[in-house]
Amino acid sequence: MKDSDIKVLSEPKLSLGDQFYLPQVLIGLGTTMKHMFKVLSGTDRVIQYPEERREDLPIDKGGMLLRTYRGVHRLNKDEEGRVKCVACFMCSTACPARCIHIEAAESPWQDREKYPQKFDIDELRCIYCGMCEEACPVDAIELTHEYDIVGLTRQEMIFDKTKLLQIFDETIKDEPM
Amino acid sequence: MFYAIYHFLCEYPWILIALVAHGTILGAVAYLILLERKTASWVQDRIGPNRVGPYGLLQPIADGIKFIVKEDYRPAGVDKVLFTIAPGLMVLCIIVSIAVLPWGGIHRVTHDFDVTGKADPVAAALHDVPGVAIAGTVQTPQIIQQSGKTIARVTYDYPFQASDVNIGVLFILAVLSLAVYGVVLGGWASNNKYSFLGGLRATAQMVSYEIPLGLSVLCIVIQYGTLDLGQIVEKQATYWGHIIPAWNVFAQPATFFMFLTCIHAEANRAPFDMAEAEQELVGGYHTEYSAMRFALFFLGEYAGMVTTSVVCVALFFGGWHVPWLDKLFPALSGNVVAGRPAITTSFIVCLIRSVVIFTKTIVIIFVFMWVRWSLPRFRFDQLMMLAWRALIPMSLGLLLMTATVVWIFGPNDRAFMRIGGRMGLVLLFGNIMVVAVSMLLSKLLPPPPLTNRRVRVLGSRFNNLVPAR
């Protein structure tokens, strides 16, 4: 690199308070003291997560609107308790993260040709964009409001059909189709 | 058995004081770490540890158990001997320095000695008076005949501290500056470049900050003409014009700020924690340490903070003196000798004084933590610049000013009143003048050398000999 290519920046000018350092130190200490008072008086502090949840708080207090939240997926069931999915691959095609893996098979039922024999979603790859939900022609895949999903291994976080149908059973009461 | 121990401790109270003082400080360290974590959280709008016990109060115990049961891992290639003794050395120095801290002034006791059948009861009683009694305070024994026994009643004073060293300030400075050996040896023995860098930085920093620290302490020493911490405290236990407590922080604010800055550097605390510097040195000198050895380093750091804070309280905040308490409730001050506020006949008053000095210490320690979580760390050249271009000249100026003031006002026989009245005001004025003059001079001085940001390192993009690939 040539010397002419190097852009030499000069340091910003220091004010008198900056130069003697102590005034600025005291201002800084004042700022942190303000924060300490805020926390100790309980007016402003972080949420204690497992006990306090954002969905329980009003929006202006840092709460979140659960209605529009995109959490973990579920596979919807129809009235007869069968999986609604027709294995059309629309969701896995639309998926920008390529996290949906479907293996289709011939449907055992009369009302459709195919059904998913396997339906795996890698919840670690998923970016929760909701494109699958938009793409689905039969409203079979939906994003729920659940966000606190955990697993001890990566394998555990690849949700299969059983798991996704189970999530449907667990969330259908709070979030109807 | 228990009575024998009780009797022994009554007989030798300084052993009790030493045990309690060391126990309290070393135990308090665990809770200081909790306080540190709490302070950090409050500053960052968090709540802090609150899972173990109410308000997280059992967290230090959980931490302690963790430290004890963890594997004591020693990496390959370390210097085994130095690696082992380094944490111990640091803690040892700190523990030794705790011994001379003044806790509760002077306790005057009247003790009965059984001298039945002694040829010379007075000499026998005086022989039994413990060695810590302050020389010259042992009064001639009263001989009492009581139910067939000869009893000699002796009144003597002893200082309410583990060890009364009449050069206390000097001793603490000397011992605390030895504590840096722990840091340096730990860094050297770890066989790790980050640890080594941490140790090197600690050395340079300690050497630089010892000077202004010593000079600012010297101001106080000159002012009172004594190196005895207990006497320095006693001389502050009075008032300016019966209203303002004659604490040094009011007479010598600039010296106090100098001292406070230097003990931050001495205790290796942010913004001077160059030896640790988590972000750049992965923990610095204690990178390779784990389990109890690491805990010892932590213990040393926090106990050192307590010691320096107690010294700060003793030098600048009047030690055990509670302002206006002795005016409002004369009984609580335990004052028995006119003009000697330190002497008290009550053991309870001594205990109250210890609690007071400890409370003030906690406040200073809180300031340490508050500063740590507010200020960013200095760069190394800034650190050195601050010491050599700002603190050392200013503390020299303060020393010159104090010496001149003391020379003008002359040695005062009523030494404990020395700060009261005119001299205190003159010192305050002198402090302000020194700061103002140094501000003025800093404008006239040539600017510091520019930091060289374009070192031509071989192979770097700034080197025109070897083209960068």
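**Helix packing and chain contact in the predicted model**

In this predicted model, helices α4(B) and α6(B) are roughly antiparallel to each other, because the angle at which they pack, about 165°, lies over the limit of 145 degrees that applies to this class. The axes of the two helices, which span residues 80-98 and residues 168-178 of chain B respectively, are 8 Å apart, and the crossing in which α4(B) passes α6(B) is left-handed. On the side of α4(B), the contact is made by C93(B), V96(B) and S97(B), while α6(B) contributes I172(B), V175(B), L176(B) and L178(B). By residue class, this contact of α4(B) with α6(B) comprises 6 nonpolar residues and 1 polar residue, with no charged residue taking part.

Between the chains, the contact draws on 15 residues from chain A and 13 residues from chain B. On the side of chain A that touches chain B, the element that gives the most is helix α2 of chain A, formed by residues 22-40, which supplies 9 residues.

With regard to the domain organisation of chain A, the assignment places residues 1-45 in domain 1 and residues 66-171 in domain 2. The separation between the C-alpha centres of these two domains of chain A is 50 Å.

Notes
Residues numbered from 1 in each chain as written. Chains lettered and ligands numbered in written order. Predicted model: local features only at pLDDT ≥ 70, side-chain atom pairs only at ≥ 80, totals over all residues. Contact = placed C-beta atoms within 7 Å. Helix = DSSP H or I, 4+ residues; strand = E, 2+ residues; numbered from the N terminus. Axes fitted to C-alpha atoms, helices over the stretch in contact; angles between N-to-C directions. Parallel < 35°, antiparallel > 145°, perpendicular 65-115°, else oblique. Left-handed = near helix turned anticlockwise from the far one by under 90°. Nonpolar A, V, L, I, M, F, W, Y, C, P; charged D, E, K, R; others polar. Domains from an automatic or database assignment.
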